[in-house]
Amino acid sequence: MASETQQGALRVAFIGLGNMGGPMAANLVRAGHAVRGFDLSAAALERLACAGGTVCASIADAVRDAQVVITMLPAGEHVLTAYSGEAGVLANAPADAVLIDSSTVPPEIPRQIATLARPGTLLLDAPVSGGTAGAAAGTLTFMVGGDAALVERMRPLLGSMGRAIHHGGPLGAGQTLKLCNNMLLGILMAGTSEALRLGIANGLDPKVLSAVMQQSSGRNWTLEVYNPCPGVMENAASSRGYTGGFATDLMAKDLRLAHGAAQASDVATPLGDLARRIFEVHRANGHGALDFSSIFQDPVTLAQALEVK
């Protein structure tokens, strides 16, 4: 397989073709890889077919002859289900296939998969950052846990979907990197939204305020590429009714995972926990399907946030 990796084209099974997985699979097709995909959504399968991939009727069918299997699924329970059982990845993929999970799940999930797999199974956890725009453009950041040599072996393939690949350490380290990043992202989005609302309430133009903060010590990613105030940034989710992008439901999930990791390692994360509570209230207010930057339009009071357990 090493020689075939160097040559480029690989047989890739892609399980989970949603807002992130679909564009990632399409980029693999464009890079010349033979992609066989499976998803429970007929629309997602149709999009893969239109991109030039092969639609499969089951996980077993998709992975049967794969050299690499990539999964991109909503939560840890979905990942475990996809990998386990007679119809799952572990029972049907070739023994020498490289298995890469790019879902965002607790760090123990990839380690659980390792205990279910036969000895010698090649596993990486490789969650991503960059959102749906990065998935479509092929500019994602991969945060990878697993054997360093295997990461290097898979770097060209991951490079077909992203522009940055960071190896964090052993299996599970990729998930820890992702949870730390998304905890900070939640804090930044909530804080940026508060600063913008304060300025607007006192007569400031949000475009001017955003420009000042972007060029000052308040500078952060949300101001640079993902401004939560409608009309400030043309291509941001806020300027298209908070549709697409990274759903509030997913941000709330990631903040719960970060909270769990903090508790497990006895690390105090008071700002991360407050962000978790804020997004949980926002989600309960009926905004779970909207992009997480919609927190800008749903001011959550401290009292409401502190009611969340």
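Analyst: Here is a walk through that pocket and its lining. This is a predicted model, where local features need pLDDT of at least 70, side-chain atom pairs count only at pLDDT 80 or more, and totals for chains, interfaces and linings use all residues. Residues are numbered from 1 along each chain as its sequence is written, and side-chain values use heavy atoms, with hydrogens and water left out.

The largest pocket has a volume of about 1200 Å³. A pocket is an open set of points on a 1 Å grid over the protein atoms alone, where a 1.4 Å probe fits, with protein on both sides within 12 Å along at least five of seven lines; lining residues have an atom within 4 Å of a point. Points are joined across faces, edges and corners, and the volume is the space filled by probe spheres set on them.

Of the 45 lining residues, Met20, Gly130, Gly131, Thr132 and Phe246 come closest to the centre of the largest pocket. Two or more lining residues come from each of strand 7 (128-129), helix 8 (131-137), helix 10 (173-201), helix 12 (221-225) and helix 13 (248-264). Helix 10 contributes the most, six residues. Helices (H or I, at least four residues) and strands (E, at least two) are DSSP runs, numbered from the N terminus.

Because domain 1 (11-169) and domain 2 (176-305) both give residues to the lining, the largest pocket lies between them. Those domain bounds come from an automatic or database domain assignment.

By class, the lining holds 20 nonpolar, 20 polar and five charged residues. Here Ala, Val, Leu, Ile, Met, Phe, Trp, Tyr, Cys and Pro count as nonpolar, Asp, Glu, Lys and Arg as charged, and the others, Gly among them, as polar.
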